Amino acid sequence: MNLKPGVGKTTSAVWLAHALYESGMPPLLVDGDPAASALRWSELAHGFPFPVIALPVGDVHRRVNDFLGDRQAVVLDAPQLEDHPRIARSIMRYADEWIVPVTPAPIELDRMAPIRGEMADVQSLRAEPARSAVLLNRTNRPDATRTGPDADAREALTERGFEVLDTHIARLDLYAQSFGNPVQAKGSAYMDFAEELIKRQDEV
């Protein structure tokens, strides 16, 4: 989830779902965006090896379990909060973990303050608090900076009280140009992302 569009929410959700599938945890992918980008992606790719459903409604949190079956994982692609707050907040009411993809650019980091406010509002509606973490997305190559992939952004987010995942997603055409194509997560950063999320859930 994020306040704004264009930060890689759908790309992250689709790749994460494939990584979970390849890790032996077949997920349900819920497309909560009225634009239905994840659903369209699955259509163009001639289907994903797991179910994809469209639920761009304001009571997603009441409906998801009707489609879950015995699956252990659900990936929810939330629309941008600024345009579809009711749907996004409903998804946040359901999800145990909120992942905020953030491009390490000054304007994106500046938008994190209102996201914190949204998180606090939705936490008050939940029986148990959700965990949340930032996924640094479209990071520079390790050799592009002296301190590693966008270490300054990681430091700034940590100082503002956000937990930042160890995994980061590099700025690669492999991800940027993947819409509509079949996905193979093995060997990608998204497999590391899935493994980190699974570990976080195991710790809970």
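# Exercises: burial, salt bridges and helix packing

Glutamate 108 is buried, with a relative accessible area of 14%. Buried means under 20% relative accessible area, exposed over 50%, and partly exposed in between (1.4 Å probe, protein chains only).

This is a predicted model: local features need pLDDT of at least 70, side-chain atom pairs count only at pLDDT 80 or more, and totals for chains, interfaces and linings use all residues. Residues are numbered from 1 along each chain as its sequence is written, and side-chain values use heavy atoms, with hydrogens and water left out.

## Exercise 1. Salt bridges

**Task.** Find the partner of glutamate 108 in a salt bridge. Then examine the pairs of aspartate 96 and glutamate 163.

**Solution.** 

Step 1. A salt bridge is a side-chain nitrogen of Lys or Arg within 4 Å of a carboxyl oxygen of Asp or Glu. The structure holds 8 of them.

Step 2. Take glutamate 108. Its partner is arginine 111, with the closest N and O atoms 3.0 Å apart.

Step 3. Take aspartate 96. It pairs with arginine 126, and here the closest N and O atoms are 4.0 Å apart. Aspartate 96 sits in the loop between α5 and β4, arginine 126 in the loop between α7 and β5 (131-139), so the pair ties together parts 30 residues apart in sequence. Helices (H or I, at least four residues) and strands (E, at least two) are DSSP runs, numbered from the N terminus. Arginine 126 counts as buried, at 14% relative accessibility.

Step 4. Take glutamate 163. Its side chain meets that of arginine 200 at 2.7 Å, N to O. This pair links distant parts of the chain, 37 residues apart: glutamate 163 is in the loop between α8 (151-159) and β6 (164-170), and arginine 200 is in helix α10 (residues 189-203).

Step 5. Glutamate 163 is partly exposed at 42% relative accessible area. Arginine 200 is buried at 6%.

Step 6. Glu97, Glu163 and Arg200 are linked in a network of salt bridges.

## Exercise 2. Helix α5 and its surroundings

**Task.** Which residues of α5 (residues 85-94) are buried, and how does α5 cross α7?

**Solution.** 

Step 1. List the buried residues. They are Ile87, Ala88, Ser90, Ile91, Met92 and Tyr94.

Step 2. Find what they pack against. The elements are α3 (60-63), α4 (65-68), β3 (73-77), β4 (97-102) and α7 (112-123).

Step 3. Get the geometry. The axes of α5 and α7 come within 10 Å and cross at roughly 60 degrees. That makes α5 oblique to α7. Axes are lines fitted to C-alpha atoms, for helices over the stretch in contact, and angles run from 0 to 180 degrees between N-to-C directions. Angles under 35 degrees count as roughly parallel, over 145 as roughly antiparallel, 65 to 115 as roughly perpendicular and the rest as oblique.

Step 4. Read the residues. Arg89, Met92 and Arg93 in α5 meet Glu118, Met119 and Val122 in α7. Contact means heavy atoms within 4.5 Å. By class, this contact has 3 nonpolar, no polar and 3 charged residues. Ala, Val, Leu, Ile, Met, Phe, Trp, Tyr, Cys and Pro count as nonpolar, Asp, Glu, Lys and Arg as charged, and the others, Gly among them, as polar.

## Exercise 3. Two partners of helix α1

**Task.** Describe how α1 packs with α2 and with α10.

**Solution.** 

Step 1. Two packed helices are described by the angle between their axes and the distance between the axes.

Step 2. Apply them to α1 (residues 9-22) and α2 (residues 37-44). The angle is about 55 degrees, with the axes 10 Å apart. The two helices are therefore oblique to each other.

Step 3. Name the contact. Thr10, Thr11, Val14 and Trp15 in α1 meet Ser37, Ala38 and Trp41 in α2. These residues divide into 4 nonpolar, 3 polar and no charged.

Step 4. Turn to α10. Its axis and that of α1 come within 8 Å and cross at roughly 75 degrees. α1 and α10 are therefore roughly perpendicular to each other. The contact includes Trp15, Leu16 and Leu20 of α1 and Phe193, Leu197 and Ile198 of α10. Its residues divide into 10 nonpolar, 2 polar and 1 charged.

## Exercise 4. Positive phi

**Task.** Where do histidine 46 and arginine 138 lie, and what is phi for histidine 46 and arginine 138?

**Solution.** 

Step 1. Recall the background. Most residues other than glycine have a negative phi.

Step 2. Check histidine 46. Its phi is near 60 degrees, a positive value. Histidine 46 lies in the loop between α2 and β2 (52-54) and counts as exposed, at 77% relative accessibility.

Step 3. Check arginine 138. Its phi is positive too, at about 55 degrees. Arginine 138 lies in strand β5 and is partly exposed, at 29%.
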